[in-house]
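Let's take a walk through a protein model together.

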Amino acid sequence: MIPLKGDVECDCLVVGAGWMGLHAARRYAELEPEASVILVDAGRIGNNASGRCMGFAIDLAHNPRKHDFVEDVQGNLDELNANLEGNAYLRSAVQEHGVDCDWDPQGKYHSAATDHGVADLISFSKALDRMGQSYRWVEKDEIRSITGSKHYIRALHHPGTILLQPAKYLKNAARVLPKNVTVHENAAITGVQYGSPRHVFETASSTIRPKKVIICTAGHLTKFGYYPNTAIPVYTFASMTRPLTESELAQAGTHSAYGLIPADSFGTTVRRTIDNRLFLRNVYSYANDFEMTRAQVMDTRKHQQVAFDRRWPGLSKIGFEASWGGLLTLAQNGGMVFGQLADNVFGAAFCNGTGVSRGTAFGKAVAELAAGRSSPTIEILKRKVPPSRAYPKLITSLGVRFVTGRRFKKAGNEV
Ligand SMILES: Cc1cc2nc3c(=O)[nH]c(=O)nc-3n(C[C@H](O)[C@H](O)[C@H](O)COP(=O)(O)OP(=O)(O)OC[C@H]3O[C@@H](n4cnc5c(N)ncnc54)[C@H](O)[C@@H]3O)c2cc1C
């Protein structure tokens, strides 16, 4: 990637290169091939929450926390349609631009290990029935055979989700962006002056003067002067084994790759990857100033180890090769940022946990809006409620710690 130095002008600056920003840059450049587009990120592409995620590109998320999840047919359909557009855009990167990312459209298994988990799945199946969605119940023997784990007692397979290697996707997709996009990594925006005909964005080594800007920096969007005090920064954590040996693989089930979503949202998400690793995610934790220390990451590893012990007691002594965390941005009211924020300023942020398909759809749609286009997805996303102000930091952090701790405990063996 090209180092960013001195004074540069461009037609459109996109800030943040996660699912949202990368696809906003791609779409804007596709629609405006004569425009110069700059995409900057504070870090390396793929080393953000987007690249650290579990790689489920989810068409329809199971959200048992939403009190009206089963009844809200229109809301769920809107969500589904936006996510499908996101998935179609991801697919076009793979099929038309050759983006290698271990693309695997096998769907996801919503898996229960407890009676309360099964009850959650039954309520999810009712929502799917109302939406006319197809799915399949997977009984105990089958889910145990697929995963090699005696932990699970029932599952529901929902097609439509795509499994992918997120960091690989993002890095490879950045390489095949349209020719009119220039990408700069390690280029944090440190100062902003909005203006006309050009805004002024400062980095440590340069000044960027764009006519238009699209801000896709997740919770950090609040530091760009919009929606102050709304972002609730929460981390979630994952650990991954080394590749399993032939004999170890015999214990990891009959399917060479799979993705399991926990029936209880505070349970453990699991993947067996195409390169034969087991990959587990759990724990939500309030992130002071949007950051986590290495010590905190290693502290949560013990919860991924407990989940590993429960699922594969014969394998779990191998432990993990790597552990990490990543930022999710939540709002008190579940709101999200999408649209025009001021003259020639656009933004998309706050994925609330499921950002692969949704983030891609948001990024694509916000670029279309910035380029003066309209689409059904833009209309759907414009209807999303914006994030509300959070309670003062002390109350929010204590509240998040209390609720996540209690929900984690209640999830029991789903963890
Ligand atoms: C462990 C884990 C597992 C997950 N699993 C899944 C999953 O399987 N499926 C799913 O859909 N979601 C999953 N998620 C959630 C998903 O990763 C997020 O919702 C998604 O990454 C949000 O995308 P984004 O583009 O909005 O933000 P980010 O990925 O956070 O990107 C924002 C970017 O903005 C940049 N930035 C911030 N400030 C500045 C600045 N001042 N200047 C320049 N750049 C800046 C950051 O460096 C960052 O790269 C998971 C998350 C984690 C942590």
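First, some ground rules. This is a predicted model, where local features need pLDDT of at least 70 and side-chain atom pairs count only at pLDDT 80 or more, while totals for chains, interfaces and linings use all residues. Residues are numbered from 1 along each chain as its sequence is written.

The chain has 11 helices and 18 strands. Of the 415 residues, 46% count as buried. Buried stands for 20 or more other C-beta atoms within 10 Å of a residue's own, exposed for 12 or fewer, and partly exposed for anything in between, with C-beta atoms placed from the backbone.

Now find the ligand. Of the 39 residues around it, Gly16, Gly18, Asn48, Gly326 and Gly355 come nearest. A residue is near if its C-beta atom, placed from the backbone, lies within 6 Å of the molecule. This shell divides into 21 nonpolar, 15 polar and 3 charged residues. Here Ala, Val, Leu, Ile, Met, Phe, Trp, Tyr, Cys and Pro are nonpolar, Asp, Glu, Lys and Arg are charged, and the others, Gly among them, are polar. Helix H9 is one of the elements that each supply at least two residues of the shell.

Let's stay with H9 (residues 356-370), whose axis comes within 7 Å of that of helix H3 (residues 73-97), crossing at roughly 85°. The axes are lines fitted to C-alpha atoms over the stretch in contact, with angles from 0 to 180 degrees between N-to-C directions. H3 and H9 are therefore roughly perpendicular to each other, a label for angles of 65 to 115 degrees, next to under 35 for roughly parallel, over 145 for roughly antiparallel and oblique for the rest.

Also in H9 is Glu368. With 19 C-beta neighbours inside 10 Å, Glu368 counts as partly exposed. Glu368 and Glu32 are 336 residues apart in sequence, but 9.8 Å apart in space, C-alpha to C-alpha.

Notes: Helices (H or I, at least four residues) and strands (E, at least two) are DSSP runs, numbered from the N terminus.
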